[in-house]
Number of protein chains: 2
Amino acid sequence: MKKLKRSARLVEMTQYLLNRPHTLISLTAFADRYQSAKSSISEDLAIIKEVFEEEGIGELHTLAGAAGGVKYIPKMTTTAAVSIMHNIFRQLEQPERVLPGGYLYMTDMLGQPELLHDVGRIFATAFADRSIDVIMTVETKGIPLAYATATCLNLPVVIVRRDNKVTEGSAVSINYVSGSNKRIQTMSLARRALKERSRVLIIDDFMKAGGTVQGMMDLLYEFNATVAGVGVFVESGEVGSEDRLLEDYISLAKLTAVDMKTKQTTVVLGNYFDDKV
Amino acid sequence: MKKLKRSARLVEMTQYLLNRPHTLISLTAFADRYQSAKSSISEDLAIIKEVFEEEGIGELHTLAGAAGGVKYIPKMTTTAAVSIMHNIFRQLEQPERVLPGGYLYMTDMLGQPELLHDVGRIFATAFADRSIDVIMTVETKGIPLAYATATCLNLPVVIVRRDNKVTEGSAVSINYVSGSNKRIQTMSLARRALKERSRVLIIDDFMKAGGTVQGMMDLLYEFNATVAGVGVFVESGEVGSEDRLLEDYISLAKLTAVDMKTKQTTVVLGNYFDDKV
């Protein structure tokens, strides 16, 4: 790269950092990249850090010493997250979204890149300090959320299949009972898809009693993997806490009630916001 | 937002633009956001434009006049794209990836956010000038690629289901013959998922004869929608052009041969690069 002026270097460094979240970049790498003294690079980083933190874009962690460098941690402030969630609630509460069984049609919303980007950032904020190797979800609707979160956390994604037609070598299958129809269903994961003893963050779009998430946890047990966290976008409020299969999870939104006659729904903030607002 | 110095403003504007690809932002909006004169904003944009274009990050299109503004178009240079593809080929050619039937295991690769980001950007470059309303893919492995592309193009994604268990109101199902096993299969899409007369970009991870893509095109016909383009990540070279069901598509990589005895594969650049390298 040719030598840049400070103004141009700030633009380039900003995009470089934004494209490499949760990645340690050494000062030396930056100094080489921009043919500049480390002192100049440090001054640039101080400017970027201040903007990122003041504008709620994220944190810039600087590590001193020979192995030192800088790491960009995407974050979203609670105020911004609440504002985004309230916009989402207005969409979720549209009467035409009510489906039989107390479900909500939200497939279209999970197809909007901007919404996914925002929600992925909220999950990435919630789980930023956990030690995670991989993000897991089950096909189909949770996949975009898992990727949006993975992009912010710089982690790979593993997708559990809802059948046992895995054509990818030996696979582990388990049976589980989903809350949606009380039928026994199967989910599978190829052996090669997940390393033993991985620390796994489970992300899903919707949770009722938690049967599907519990199924993924059972599957993780077969891989000697551990659950580093569970994040669900929307949880159903129709399930009493005594019927809930798991306790340790983060939800961003909670569906309190669906009136099938009037097609009225109410959506409130999930437990992630409990101690925040 | 409080008034920022030029250096801080450049950092903020860079992240603002990067997060809003293919979106027209008026100079007035920027001037209000940063409490700065339009002339200062124009100077900032000139600096950002130069860095984005020199470093191959993308283009900044400026529209003059009262309705004028600026639009960030993510792009990848052919040189960068070829270099990325060659890194991908080295992974794809690992012998342990060979699966029965001339398929390659690449699910793990399609779980890497950085690879997806790069490939999405190549697709976004290839289709930047087409008029597209929505990106379509079929579950499961094409989904992350579709989202990565959609993020760069700022377009929604629609996912076709491989069964007819669509619980989202009325759905259209079609039968198709996939090249993989010559069996008749079903794919479905909820009526509400796609507006009539949409212009649709089809993205998929792998194409053999093109039966699955052809199935999606048949489905689009039922919605009075039109195909704005077809992009596949890897195409099989085992299919002669006379057996290929479609001609107008872009591929990024081509699997020329899989030797089932030696598990040797060769991957070359796909037709997207035909007139470029």
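## Packing around Val119(A) and related sites

Apart from neighbours within four places in sequence, Val119(A) is in contact (heavy atoms within 4.5 Å) with Ile88(A), Leu145(A), Phe233(A) and Leu252(A). The model is predicted: local features need pLDDT of at least 70, side-chain atom pairs count only at pLDDT 80 or more, and totals for chains, interfaces and linings use all residues. Residues are numbered from 1 along each chain as its sequence is written, chains are lettered from A and ligands numbered from 1 in the order in which they are written, and side-chain values use heavy atoms, with hydrogens and water left out.

Val119(A) belongs to helix H5 of chain A; helices (H or I, at least four residues) and strands (E, at least two) are DSSP runs, numbered from the N terminus. Its relative accessibility is 0%, so Val119(A) counts as buried. Buried means under 20% relative accessible area, exposed over 50%, and partly exposed in between (1.4 Å probe, protein chains only). Met76(A) is 43 residues from Val119(A) in sequence, with a C-alpha to C-alpha separation of 9.6 Å.

Axes are lines fitted to C-alpha atoms, for helices over the stretch in contact, and angles run from 0 to 180 degrees between N-to-C directions.

| Helix pair | Residues | Angle | Axis distance |
|---|---|---|---|
| H4(A) and H5(A) | 78-92 and 113-126 | about 135° | 11 Å apart |
| H1(A) and H2(A) | 6-18 and 27-34 | roughly 135° | within 12 Å |

Angles under 35 degrees count as roughly parallel, over 145 as roughly antiparallel, 65 to 115 as roughly perpendicular and the rest as oblique. H4(A) and H5(A) are therefore oblique to each other, and H1(A) and H2(A) are therefore oblique as well. A crossing is left-handed if the near helix is turned anticlockwise from the far one by less than a right angle, and right-handed if clockwise. H4(A) passes H5(A) in a left-handed crossing, whereas the crossing of H1(A) with H2(A) is right-handed.

On the H4(A) side, Ala81(A), Ile84(A), Met85(A), Ile88(A) and Gln91(A) meet Leu115(A), Asp118(A), Val119(A) and Ile122(A) of H5(A). This contact has seven nonpolar, one polar and one charged residues. Here Ala, Val, Leu, Ile, Met, Phe, Trp, Tyr, Cys and Pro count as nonpolar, Asp, Glu, Lys and Arg as charged, and the others, Gly among them, as polar. In the other pair, Arg9(A), Glu12(A), Met13(A), Gln15(A), Tyr16(A) and Leu17(A) of H1(A) meet Phe30(A), Arg33(A) and Tyr34(A) of H2(A). The H1(A)–H2(A) contact divides into five nonpolar, one polar and three charged residues.

A nonpolar core is a set of buried Ala, Val, Leu, Ile, Met, Phe, Trp, Tyr and Cys residues joined through side-chain atoms within 4.5 Å. The largest one holds 96 residues, of which Phe233(A) and Phe233(B) touch the most other members. A second, separate core has 42 residues, including Tyr16(A), Leu4(B), Ala8(B) and Phe52(B).

In chain B, Ser251(B) lies in strand E12 (residues 250-259). With 0% relative accessibility, Ser251(B) counts as buried. Not counting residues up to four places away in sequence, Ser251(B) touches Val232(B), Phe233(B), Glu235(B), Gly270(B), Asn271(B) and Tyr272(B). Ser236(B) is in strand E11 (residues 226-236) of chain B and, at 1% relative accessibility, counts as buried.

Helix H6 (residues 143-153) of chain B has ten of its eleven residues buried, so it is largely enclosed by the rest of the structure. Just after H6(B), Asn154(B) takes a positive phi of about 55°.
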